[in-house]
Amino acid sequence: MTEEKQSAPRASEQTKPNIELAARREQGKLIKVLLAGSALRLIIMLLFPQFVEQHLAGRVELSTPVTSYKRLVEGLYLSSHGVSPFDGGVFHQSPLLLLLFKIPYYLPEIVTNLVFILADAAVALVLAKITGARHSLPQFSQRAGVPGEQAFACPPSVVAMLYLFNPLMIGTTVVKSTIVFSHLAVVLALYMGMHGKINASVGWAAVAAHLSLYPAMLVVPIALMAGKRQMLRSAVVQTVAKFAVAVLALHVAFTMAFGKQYFLATFDFTLRVADLQPNVGLFWYFFIEIFDEFRSFFFVVFQLTALAFAVPVSWRFRREPVFGAIMLVGVISALKAYPSWGDLALFLGLLPVYEELFKYLQYSFLFGNLLMYGIGLAPVFWHLWIEQGSGNANFFYAATLVYEFGQITMLFDFGSAMLRRELDISEPETRTHAVIQE
Amino acid sequence: MALLGSGRAGSTESFTEDLVVQVLPDNKVLLHFEFNLQRPQPTSNDTQHHYHMFPRQLGEIAHRHNVESLHLQFTQGNWRAEQWGAPTVNAQGVGAEVFARITNDSDADWRGLTNALSGVFCASLNFIDTTNTNRPRRSFAGARHAHLPRENVCTENLTPWIKQLPCQGVAGLGALLNPYRLYNMHFHAMAVDLAPRSIGGQPVLAYKQTLAVVVDPKTFGLDGQWTLAQLVDREMRPACAVAKRSTVRVLQSDRVELVPAPDRVDAVNGHTVSVYDAAARGGELTDVRFTMSSGRAGRQRATPPAIVAHRFVTGHGGSSGGVECAIVNHSDQPMRVSYMDSLPWYLRLYMHTLTAQAESLLNGETHSLTPAYMLYTPAVDRGRPALVELELDLPPQSRVTLRYDFDKGFLKYSEHPPDANRGFNIGPAIVTYTPKEADLACTVGAMLGDAVQPEECVARVYTELFLASLPTPDFSMPYNVITFTCTILALFFGRMFNLLTRDFVVLRGGQKDKKKD
């Protein structure tokens, strides 16, 4: 195979002691990044609690009905007073979070803050590890490259930094949106899958699915990762079966603990989009305005549009299941029922893992601007609509449309970049030629 | 035997009519009409219900829906406790309030009852459903309770109410009910009460119709001196012939001179009451002339009731807010009160934000207060309202402030009322307590022969209503939103489909220059 010959020199350019020295320096940088990111969050939480409370905590772009910290506290308060938190219209988060915060709830606020900061730092650490695994694990690093391409320009510490210092993610952690825990489960599932620890991977995917439903789609790329090591068909069947068992086990355990109500208040709630509080997604205004008789039809259409792409997207990128999984994270961020900026932050955090695709992007100026417009305009239009009353709902809706359009463009552009690069790898001599899609 | 029994039952129905007049400290006048009807409880094998004076429609509704006791009240205007003192009726905020105890506590009976009452009183009581029905444990002792804050009271409600009187509007005190005067008022409360009572060991069903209005004589050009007939602009008619008792009673104050002299003067719970009894005047009602002793200068300060409560809505912006309720204990003794607040589901209550703070009225010292009892039923979206019940021990001479936050829900376009930007009326919070000394409502009850024992006397303080303006969508947008959103969705689907099904291929040969990469 010509591809393998081309990739071999990339790793052997440096001598062994140099590599070790570089690795140690890289590790030091990573630790500094993690500490700096955590410290920044802690400083904001401790020094500007008033600012966070007044200007960030209530932001619908950062916390949604299924991730809001205020609602989590209400759930903890109710369950500590012997009222089922799921028997009401406020709490819609996984019972896992109730268990996680059962003890911190009685401790000083700083403990809870640290749990969130640690979870976020852990996400960054795992992102760095995923990048590291792509660089070092043979099945990834020995993959062919495009001739003349500089290998791995984006080291793990930079990937961690891009995630931790993303303002969207800082905001998400500072308002203690519980999407952070879903992120952690997602990246752990990917990391374990890359290392071939399929059981652990499936377990984390089940936890992620339990925390925010949509990551259930990730079981497909994980099954394909398992398929790298054995017969594809049996690997897929086994992985999906394991996932089903894990999800069912969690479901049975929580049904026994909280009754059937927990299911109605969490999964059913998400699927039916029962709370129409605005967010950066497509669902809320549509379901405020849709005629009652078509409501259930469109629930199905909208949810299926997101969920139906799990298999085709994973299959399309079957040679790079990790990339397939990242694409699915992007699909989730664009099309879930209660998206927030935090979802986009995870997608943006995962993309530098495939930094070699950046130069294949065709619309980066367009989607970069669309996203910045969407992100910048949303709070302004929210203020005009809700606080001042000089705008109306259409203003905020317009900002979410721009934001969604930006996300979809970015998603599509990255997918095309991947396919275009694969063409260059398989036919390196024609990479300066014109290509078309057919 | 049964026939004989029921025959006798008809004849033992009894009816009394009374009017209590009080000149309030600011020279407005409270007219409190009360009509009491009692009939023996039908025995279980008594299938034929004979009604003599008792309104048949109410009797049948109560029987059909297993109603044990019922209270229905329509109110307009606020009772100003600081100016007027304690009220004689539940001084609830504007709207209609129903509470009823139903024997088997069935949902169907409650719905049936409210729908039937809706028909009888020409009111929108049929809007009472699970989203605004509460089942408080302490404040209404097991009854179901609902409040419709948007319900207005008008003559269409009064007409069926008058029709239930044995002499209707033709004779007796019923003839004084002149809508032109009753609705030109500062406060108006019209109520019916159905309750089982025991009179001399005999179980009876008591039906009480109450109408309390506060009118200002000056509005009608009456100043300093006026008669009852002038005040209501109707002539005095003979007392209702079937009434066992027909009286006009004036709660005496030293600022008012009454002509003619009363038939007798009673003393009830420290109040001096001048009684004009039709029985003593050959069945004629007396047109009492009131003369204010010192006119305008005669204004007095009222003694406020022991407990006064006010509720405010706090916060700004359209997406969240808070409730603040101040309960003031004016008495020198600690008071145990029940606080009940019910908010509709679209105000998402955060109970963990509840704080209670007591502030002394004497020296301004504050400390936090722990409720002695707390019941919280969270709201269910489009299902039931949130219900907060607290028992608080109010220190003497103190103001206790309760605070809690809510987020405003976002409703479907079809769930907004036609005038969406006006907002939603939110019903009052209710503070229930047992007064240390019988209050005016109890005194009036005792005076008019209510069988309620003084220790059973319960006073309810209703706070103001508030208006919650929820964020509104653009109601003209459905088609646009469907189009725009579906466009984005189609864009997503199309691009993904494109990505999944089409491969990149290299253009070779003559076509090479067609497209630059």
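In what order do the strands of the open sheet of 11 strands in chain B stand? I read the order as β5-β6-β4-β3-β7-β8-β2-β1-β10-β13-β12 in chain B, with mixed pairing; strands are DSSP runs of E of at least two residues, helices are runs of H or I of at least four, and both are numbered from the N terminus, while two strands pair if DSSP finds at least two bridges between them.

I noted that the model is predicted, so that local features need pLDDT of at least 70 and side-chain atom pairs count only at pLDDT 80 or more, whereas totals for chains, interfaces and linings use all residues. Residues are numbered from 1 along each chain as its sequence is written, and chains are lettered from A and ligands numbered from 1 in the order in which they are written.

I then looked at the edges, where β5 (133–134) and β12 (264–268) of chain B each have a single partner strand, so one side of each is left without a neighbour in the sheet. Further in, I found β1 (14–23) and β10 (245–251) of chain B pairing in the parallel sense over seven bridges, with V21(B) opposite V250(B) in β10(B).

Turning to the two chains, I recorded that 54 residues of chain A are in contact (C-beta atoms, placed from the backbone, within 7 Å) with 47 residues of chain B. The largest share of the chain A side, 12 residues, comes from α21(A). I also saw β1(A) pair with β27 (504–506) of chain B in the antiparallel sense over three bridges, where V506(B) is the bridge partner of V435(A).
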